[in-house]
Amino acid sequence: MKKSGKKDIGDILALTPMQEGMLSHYLQAPGSHHYVEQLILTVSGEIRFDRFKKAWTHVIQTNDALRTFFRWEKLEKPVQVILKEHYPELIFFDLSAFQDDNEKQYRFEKIIREDREKKFDLRQVPFRVLLCKSSDRDYRLVISNHHILYDGWSSGIILKEFFQAYTVLEKGEVKPTTLTTTATTAVKPSFNEFIRWYQTRDRDKQKQFWEDYLQGFTSRPSFPIKIKRERIKQDHKGYEGPGPVKEFSFAVEKGIKERLDDFLKERQVTPAAFFYSAWGLLLQKYCDSDDVVFGTTVSGRSVPINGIEHMVGLFINTLPLRVTSNTGETLSDLLLKVNEDLLAREKYENTTL
């Protein structure tokens, strides 16, 4: 493990509750793949590795999260340490010499599998980039990170800034200051502004809001499918879960979507409220209950910090959403109630679990 001296450290911050939760899971099972993210993109066009490296160096230098590692040993509370400078771990593979497409694909899949199996040590910056060349104008870009650094929203910011920086470099050699002002035009506050804001929240108000919201909830949902899996575990030694997740998709007819849009617009409710309500009703049927609670993920960016939408970091949170059906209530009534709940909880969406 590479040691960092005081002169290398730019800042030391507390962790957000979501980061604390992920760190806890990491310490419980350091060898697991929990929260290891791997984003794979196909890029068409010639890529020069020297400019590729400079562009990534720029992105990392302008985003605190990509220069962050974690410490917890001999500390009362874990911290995240932001380095003043950090040079990315960039790995390059050239598969263009292989003529057979199947061979290329086999080798690429092996590369990404081995990359994913490389466990992250959170005592070092858990972020790396891999570039794989298939031909002169065909590349695969693989970005691997631990989720404790940033969320899915941040992935879009990172990619946008990388391609902007690379485009600037393609136009000719530029000075670092020119690259910064040209490729990064958005206001980007430091992550410590979010941490400082988070530490000033009124915890009593948050606690009171959620106590009121969940008041009277007593249901203990039980799914037969869970019981079945437990029986399978007992009957079959070595069973490790239900296996790979399967995806199902279907196309909604254009006419149905248009009618749905009109329906939601007329009642002034969001698509989120509609789908959450539908999911809540489904759970009520499975649980044989008219009062259910399930988890929902929020972006966590409704914070009064200028430029937070351009920040890279872990802002998401998981909040309970309650769907209750009352006698004589119409579906429109339920929709409006869920929509109001979503709006009311925005001020409290950064509450800890």
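1. Start with Asp50. This residue is found in helix H2. The model is a predicted one. Asp50 has a relative accessible area of 36%, so it counts as partly exposed. The cut-offs matter here: buried means under 20%, exposed means over 50%, and partly exposed lies in between. Now look across to Leu169. Asp50 and Leu169 are 119 residues apart along the chain, yet their C-alpha atoms are separated by 9.8 Å.

2. Which residues join H2 to H4? On the H2 side they are Arg51, Phe52, Lys54, Ala55, Trp56, His58 and Val59. On the H4 side they are Ile158, Glu161, Phe162, Ala165, Tyr166, Leu169 and Glu170. Leu169, then, is one of the H4 residues in this contact.

3. Next, the geometry of that pair. Helix H2 covers residues 49–61 and helix H4 covers residues 152–170. Their axes come within 8 Å and cross at roughly 135°. That angle makes H2 oblique to H4. The crossing of H2 past H4 is right-handed.

4. Helix H10 (residues 271–287) packs with helix H11 (residues 331–344) at an angle of about 115°. Their axes are 9 Å apart. This crossing is right-handed. H10 contributes Ala272, Ala273, Phe274, Tyr276, Ser277 and Leu281 to the contact. H11 contributes Leu331, Leu334, Leu335, Val338, Asn339 and Leu342.

5. Pick out Ala272 from that list. It is found in helix H10. Its relative accessibility is 35%, so Ala272 counts as partly exposed. Ala272 and Asn339 are 67 residues apart in sequence. In space, they are 8.2 Å apart, C-alpha to C-alpha.

6. Now helix H1. Why does its length make sense? H1 has 12 residues (residues 17–28), and at 1.5 Å a residue they should span 16 Å. The end C-alpha atoms are 17 Å apart, which agrees. Helix H9 can be checked in the same way. Its 14 residues (residues 254–267) should span 20 Å, and its end C-alpha atoms are 20 Å apart, which agrees.

7. Which residues of H1 are buried? They are Met18, Gln19, Met22, Leu23 and Tyr26. Viewed down the axis of H1, these buried residues fall within an arc of 135°, so they line one face of the helix.

8. Is His146 buried or exposed? At 3% relative accessibility, His146 counts as buried. Set aside its neighbours within four places in sequence. His146 is then in contact with Met22, Tyr26, His34, Tyr35, Phe120, Leu122 and Pro126. Met22 and Tyr26 are among the buried residues of H1.

9. Helix H7 (residues 203–213) also has a buried side. Its buried residues are Gln206, Phe209, Trp210 and Tyr213. Seen down the axis of H7, they fall within an arc of 90°, so they line one face of the helix. The face turned away from that buried side carries the exposed residues Asp204 and Lys207. What covers the buried residues of H7 includes S9 and H11.

10. Last, some backbone angles to check. Most residues other than glycine have a negative phi. Tyr35 is not a glycine, but it has a positive phi of about 65°. Tyr35 lies in the loop between H1 and strand S2 (36–44). At 28% relative accessibility, Tyr35 counts as partly exposed. Lys74 is not a glycine either, and it has a positive phi of about 60°. Lys74 lies in the loop between S3 and S4. With 88% relative accessibility, Lys74 counts as exposed. Just after H9, Gln268 takes a positive phi of about 60°.

Conventions. Residues numbered from 1 in each chain as written. Predicted model: local features only at pLDDT ≥ 70, side-chain atom pairs only at ≥ 80, totals over all residues. Heavy atoms only, no water. Helix = DSSP H or I, 4+ residues; strand = E, 2+ residues; numbered from the N terminus. Expected span 1.5 Å × (residues − 1). Buried < 20%, exposed > 50% of the residue type's maximum accessible area, 1.4 Å probe, protein only. Arc of directions from axis to C-beta. Axes fitted to C-alpha atoms, helices over the stretch in contact; angles between N-to-C directions. Parallel < 35°, antiparallel > 145°, perpendicular 65-115°, else oblique. Left-handed = near helix turned anticlockwise from the far one by under 90°. Contact = heavy atoms within 4.5 Å.
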